[in-house]
Amino acid sequence: MSWRNAFLDPAHSGGWALLYCQQHFLVDANGVLFPRDWIKRQELEILAEQGIGYFADDPVYLLQVPQSTHLDGASWQSLRQFMLQGEAETFRMLTYAAQIGTWYGQHRFCGSCGAPTRQLPGERAMRCDACESQHYPRLSPSMIVLVTRGDEILLARSPRFVAGVYSTLAGFVEPGESVEHCVAREVREEVGLEVRNLQYLGSQGWPFPHSLMLGFHAEYAGGEIVMQADEIEDARWFRVDDLPPLPAPRSIARYLIDLYVARRLGLPEPMLPA
């Protein structure tokens, strides 16, 4: 079943409802979509509602609720869990929903003058009538890069990672720099190496507010590994035929690793995660 985003008027009845709070969705044995008219009869506290699009041609509405919201047989599940375990089109729907929910929650008041805002009819924008500012959903680009040296790949681990897992390097693009400059800067800051011959390989919506991850391959150009304090717990070169525990298969980090390994070993190339 396919997903497409659209602006829908919450004044209309029917459709499906997603229940959302702080990067988490309520889910039961039937999934994340609840009959919207039925949800409205449950006397739940609904903080805001957005019509966000169509799933298999059925309208879908995002209902923002307190995290204390309880439905029999349902539990909260994080967006990251859906990315790693869920169906691809469902994750596309949920990552869009989470972005819209975050945008609405962060722009109920104007960031310029502090006055209350209102949503413009028929448009995904919050307007401040006091100073005439308008606030739209935003994305924060970040990069993720696999650095290679022939049959070796550079992998590192952060103290925040699952024990034993090594991954690629990543970081947010800073104001005024290109994504390519971000790749070189982050690699230099995190492990003290220089890179060359950057190749863009694909992107993935990441389960953090506003995040879009841009994936690159880069070749080693020089330097010795010097780990950034408090950011990198360990970093080393691994041969493509002798790798440590890796990130989850549906992450773009794993795709970058698997793609390079496949090319070096003559294996079928993996598909970019949706």
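Guide: We begin with a definition: two strands count as paired if DSSP finds at least two bridges between them. The model before us is predicted.

Visitor: Which strands form an open sheet, and in what order?

Guide: Strands of a sheet pair through backbone hydrogen bonds, either parallel or antiparallel. Here, three strands form an open sheet in the order β8-β9-β10, with antiparallel pairing. β8 (118–119) and β10 (134–135) stand at the edges with a single partner strand each, so one side of each has no neighbour in the sheet.

Visitor: How many bridges join β8 to β9?

Guide: Two bridges connect β8 with β9 (residues 126–127), and the two strands run antiparallel. Arginine 118 has arginine 127, in β9, as its bridge partner.

Visitor: In which sense do β2 and β3 pair?

Guide: The pairing of β2 (residues 16–21) with β3 (residues 24–27) is antiparallel, over two bridges. Tyrosine 20 is bridged to phenylalanine 25 in β3. Two residues lie between the strands of this hairpin, and glutamine 22 takes a positive phi near 50 degrees there.

Visitor: Where are aspartate 57 and aspartate 230 found?

Guide: Aspartate 57 lies in the loop between β5 (48–55) and β6 (58–64). Its phi is near 70 degrees, a positive value in a residue other than glycine. Aspartate 230 lies in the loop between β15 (211–222) and β16 (234–239), and has a positive phi of about 70 degrees although it is not a glycine.

Visitor: Are aspartate 57 and aspartate 230 buried or exposed?

Guide: The cut-off for exposed is over 50% relative accessible area. Aspartate 57 counts as exposed because its relative accessibility is 59%. Aspartate 230 is exposed, with a relative accessible area of 73%.

Visitor: Is tryptophan 237 buried or exposed?

Guide: Buried means under 20% relative accessible area. Tryptophan 237, in strand β16, has 18% relative accessibility and therefore counts as buried.

Visitor: Which residues does tryptophan 237 touch?

Guide: Leaving aside residues up to four places away in sequence, tryptophan 237 touches several residues, among them Val147, Ile153, Leu193 and Tyr220. As for separation, tryptophan 237 and alanine 262 are 25 residues apart in sequence and 17 Å apart in space, C-alpha to C-alpha.

Conventions
Residues numbered from 1 in each chain as written. Predicted model: local features only at pLDDT ≥ 70, side-chain atom pairs only at ≥ 80, totals over all residues. Heavy atoms only, no water. Helix = DSSP H or I, 4+ residues; strand = E, 2+ residues; numbered from the N terminus. Buried < 20%, exposed > 50% of the residue type's maximum accessible area, 1.4 Å probe, protein only. Contact = heavy atoms within 4.5 Å.
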